[in-house]
Amino acid sequence: MRRDFNGGLIAFSRILKIFDKKTGLSEPYFHSQFRLLCTTSNSITTTHTFSPLLRQCIDERSISGIKNIQAQMLKSGFPIQLSGSKLVDASLKCGEIGYARQLFDGMPERHIVTWNSLIAYSIKHRRSKEGVEMYRLMITNNVLPDEYTLSSVFKAFSDLSLEKEALRSHGLAVILGLEVSNLFVGSALVDMYVKFGKTREAKLVLDRVDEKDVVLITALIVGYSQKGQDAEAVKAFQSMLAEGVQPNEYTYASVLISCGNLKDIGIGKLIHGLMIKSGFDSALGSQTSLLTMYLRCSLVDDSLWVFKCIEYPNQVTWTSLISGLVENSREEMALTEFGKMMRDSIKPNSFTLSSALRGCSNLAMFEEGRQIHGIVTKYGFDRDKYAGSGLIDLYGKCGCSDMARSVFDTLNEVDVISFNTMIYSYAQNGFGREALELFERMINLGLQPNDVTVLSVLLACNNSGLVEEGCELFDSFRKDKTVLTNDHYACMVDMLGRAGRLEEAEMLITEVVNPDLVLWRTLLSACNIHRNVEMAERIKRKILEIAPGDEGTLILMSNLYAATGKWNKVIEMKSEMKEMKLKKNPAMSWVEVDRETHTFMAGDLFSHPNSGQILETLEELIKKAKDLGYVEDKSCVFQDMEESAKERSLHQHSEKLAIAFAVWRNVCGTIRILKNLRVCVDCHNWIKIVSRVIKREIICRDSKRFHHFRDGSCSCGDYW
DNA sequence: CTAGGGTTAG
């Protein structure tokens, strides 16, 4: 025993010299540690006697058992602090941090393991604040942190964004030599800098660590991947292989996400191969990332194959599949998979629900979307901003901006994206004033608008004929040095162009560095509306330089020539289109009746099973509309034909067929139809009157926006 | 007796 004391003394004084020099810690620290060494070496027999009993208490999670043992310890004359760390550890393992803390506070001397246990437990159980407070207490009590303390406390610093304190403790790790020699400390540091968003610092730490292992390198790869430095992530992965460190499921899980972001299917498939070879292709986390990678690269079939191989997909796996399918325009399949997920009793989260909702809104599936709204409510995500923006998007795209607004108003937290979604809902439904009001509120709340906000606001002005407001806003955005894209310019060109300010619109395009097809075509379409053949021909030449034989351009020109009676030019355009083997997109409309979608094509009177009843209803509707003053507007027939044939062709437009069908099926409430093209003037006039005839609201979503027809007028104010 | 990394997102 004496020798032990001496050995301990020598060792401690040696350490003390080093510490003194580097940390300035004082003698009392040395004495306290030394006394602890003596007492713990005395008490070994005691703790050993109680160890099996404590283990039993832990197994049974019995805190009363622990208190029993504590009482016995006291009775046998041993002060708690001698075996306190065991009791603290056992209490923590029973989940009783309160009692552990009570024990801890009653100990006049605490072994470092006791400190570490409490700190680690607090941080692991989302009580980082308490963990850090303990850590500070430890320092002020002159207990020097060790590798265990540091590797847990760094996580708390990143949780609480305590960057300054983190740097001080990093310094301590450097002084103690733990940064380079202990992998736990090293990877905790790398992870911390990653969470602070400082991948450069993380890399510097990694470089200093003596012998790198898979966890350390993976922590860095995760950082690159999450910060969008995807090329760096792949590079780190490659150098890891070169150094002979074997990746594991965590490594694959994150590097594959970067491959997906890079859309680098070559390296993605190579890594898939490595995964199979090393057997990590059966780990759920890496399988999920593999699935995501294939979906990001638009290889839907490969991703479905991966999914089929997964035995027990979890919430994240399903969510990844559903959102990826929606992203790849496979909405129907996404909704089917969502149904399967629910049948498998896998709980959805707000990501799952917002993806499923996006699937519905892309297809304007109102009823299906309402069902999912029910699920949102059931799982308590009604006020969640992710699920909420899915709902706002759904109701916006189904033409119900008031319902969208009531969702928006109940959210418990709003951010730029919730505002954007709501402003866009107003914009596409033509509620410009409401959109602008919301935009102002967003600014007052101090939220920084992004490119989507700017586009939504301009679109709102455009769709409501608020040309002056739109121009003013656009000027202010330009002055603010907001980054304006071609989409923003296209919106302005459309706004000015449709208002007949064609020269101004053309001037605006000259500002754009790289004017694209859409921009010119927008202007061309404005020329079409205002029958400006001279300008249109000029624009047409410009477009055909960028995109020879552009289909949309030829169609627009042909329509313009038709509208101005230049039939020989029309024939010229048509033959050119024929030569290019171009066919006009057929005009189509959809209507959902009893959760079933029916499709109608212009001029197609016979393919629907109920075409007889539909035509009968249509004739009746046209007759009643005529009684209220409907007259065919033949200016939108772009073919050279007899007047009566023109009328017949107008009567066969797809939206008229769809509405007739909905009326025949006696759809209750609002009739909602969808169109792939813009609604024509004649149909617009007709639907306005029909809404009065049937005393029902008709909402029509065309390729650009919504029209709400009610009691003889339309929400667009005849401006679209 | 105490310690480190991952996958879903409007």
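Ser589 stands opposite Lys675 in E3. This is a predicted model, in which local features need pLDDT of at least 70 and side-chain atom pairs count only at pLDDT 80 or more, while totals for chains, interfaces and linings use all residues. Residues are numbered from 1 along each chain as its sequence is written, and side-chain values use heavy atoms, with hydrogens and water left out.

**The sheet**
- Strand E1 (residues 588-593) runs antiparallel to strand E3 (residues 671-675), and three bridges join them; strands are DSSP runs of E with at least two residues, and helices are runs of H or I with at least four, numbered from the N terminus.
- An open sheet of six strands has the order E2-E1-E3-E4-E5-E6, with mixed pairing, where two strands pair if DSSP finds at least two bridges between them.
- Strand E2 (596-601) and strand E6 (713-714) each have a single partner strand, so one side of each is left without a neighbour in the sheet.

**A buried residue**
- Thr114, found in helix H7 (residues 112-124), has a relative accessible area of 0% and is therefore buried (under 20%, with exposed over 50% and partly exposed in between, using a 1.4 Å probe and protein chains only).
- Leaving aside residues up to four places away in sequence, Thr114 touches Ser85, Val88, Phe104 and Met107, contact meaning heavy atoms within 4.5 Å.

**Two helices**
- The axes of helix H31 (residues 502-511) and helix H32 (residues 517-529) come within 11 Å and cross at roughly 175 degrees, the axes being lines fitted to C-alpha atoms over the stretch in contact, with angles from 0 to 180 degrees between N-to-C directions.

Technical notes:
Chains lettered and ligands numbered in written order.
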